[in-house]
Amino acid sequence: MAHERECRIPQDLHIHTVYSTGDSAVVPEQTVAFISRVAHARVVGISDHFEFLAGETFARYEAEVRAHNLRVGTEVNGAEWVKEAMMVNADYYIFHCLDRNEDYCGAEDLLSTGKPVIIAHPLVMGTDLYRVPTECFVEINNRYVWRHDWRSLRAHVNRFKFVLGSDAHQPNWLNVSVARYVAEELGIRETILFPNSD
Ligand SMILES: [Zn+2]
Ligand SMILES: [Zn+2]
């Protein structure tokens, strides 16, 4: 009954799975099927690192993600990967926009596909958001944003549209979505120890 569950977040388009084979923070249990069953968000997109999907793998990845009725994204690591990433049938791009001329051009190139382009964790990449096309979406990244001066994004609040993403390299990244899913599956009712304190 995942689709009737309350408290699901509206959207999460930044999630990694076992397709990110070179990412040491991804665990073998984090399959597309598992993410789909947890259904922690109403709109879920998988966005594995493009460098592990490029070539023949992408078609298999795309087929599996679509088979689970999830959106197909991919996280593109800088200008070097843009041309190849533009050729694949992704629904949207998550882009590592480093602070180099070619990366700002890469953002323009990805936009030219007509697909949404999300600037991933700009505070980590050193992205100068004043050089990013304002047609891009800027990500508030659950994994990283709290480790940086996120107040500096205030200058861009009226310049861009924003999306929230978990950047989940493991299923349990700083939320109880997975625990909530398991408890629900087990028929466990959570005990609230301090119901009236705040
Ligand atoms: Zn990233
Ligand atoms: Zn990521």
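**Legends to close-up views of a predicted model**

**View 1. Overall dimensions and make-up of the protein chain.** The protein chain has a radius of gyration of 18 Å, which agrees with the value near 16 Å that a compact globule of 198 residues would have; this radius is taken over C-alpha atoms, and the globule rule is 2.2 Å times the number of residues to the power 0.38. This is a predicted model, in which local features need pLDDT of at least 70 and side-chain atom pairs count only at pLDDT 80 or more, whereas totals for chains, interfaces and linings use all residues. Residues are numbered from 1 along each chain as its sequence is written, while chains are lettered from A and ligands numbered from 1 in the order in which they are written. Taken along the principal axes, the box filled by the C-alpha atoms of the protein chain is roughly 55 × 40 × 30 Å. The secondary structure comprises 6 helices and 7 strands, where helices (H or I, at least four residues) and strands (E, at least two) are DSSP runs numbered from the N terminus, and the order of elements from the N terminus is β-α-β-α-β-α-β-α-β-α-β-β-α. Of the 198 residues, 34% count as buried; a residue is buried if 20 or more other C-beta atoms, placed from the backbone, lie within 10 Å of its own, exposed if 12 or fewer do, and partly exposed in between.

View 2. An open sheet is formed by 7 strands in the order β1-β2-β3-β4-β5-β6-β7, with parallel pairing; two strands pair if DSSP finds at least two bridges between them. The edge strands, β1 (9–12) and β7, each pair on one side only. On average, neighbouring strands of this sheet are turned by 30° against each other, direction ignored. Helix α4 (residues 101–111) packs on the sheet, touching β4 (92–95) and β5, and its direction makes about 175° with that of β4; contact requires C-beta atoms, placed from the backbone, within 7 Å, and angles run from 0 to 180 degrees between N-to-C directions of axes fitted to C-alpha atoms, for helices over the stretch in contact.

**View 3. Bridge partners along the sheet.** Strand β2 (residues 41–49) pairs with strand β3 (residues 71–76) in the parallel sense over 5 bridges, and the bridge partner of G45 in β3 is R71. Strand β5 is joined to the parallel strand β6 (residues 137–141) by 2 bridges, with I119 opposite V138 in β6. Between β6 and β7, which run parallel, there are 5 bridges, and here N141 stands opposite G165 in β7.

**View 4. The two faces of helix α2.** In helix α2 (residues 57–67), the residues F58, Y61 and V65 are buried. They lie on the same side of α2 because they cover an arc of only 65° around the axis, the arc being that of the directions from the helix axis to the C-beta atoms. The buried residues of α2 pack against α1 (32–38), β2 and β3, whereas the face turned away from the buried side carries the exposed residues A59, R60, A63 and A67. Just after α2, N69 takes a positive phi of about 60°.

**View 5. Positive phi angles in two loops.** Most residues other than glycine have a negative phi. H121, although not a glycine, has a positive phi of about 20°; H121 lies in the loop between β5 (117–119) and α5 (122–125) and is buried, with 24 other C-beta atoms within 10 Å. D167, also not a glycine, has a positive phi of about 50°; D167 is placed in the loop between β7 (161–165) and α6 (177–186) and counts as buried, with 23 C-beta neighbours inside 10 Å.

Methods. Two residues are in contact if their C-beta atoms, placed from the backbone, lie within 7 Å.
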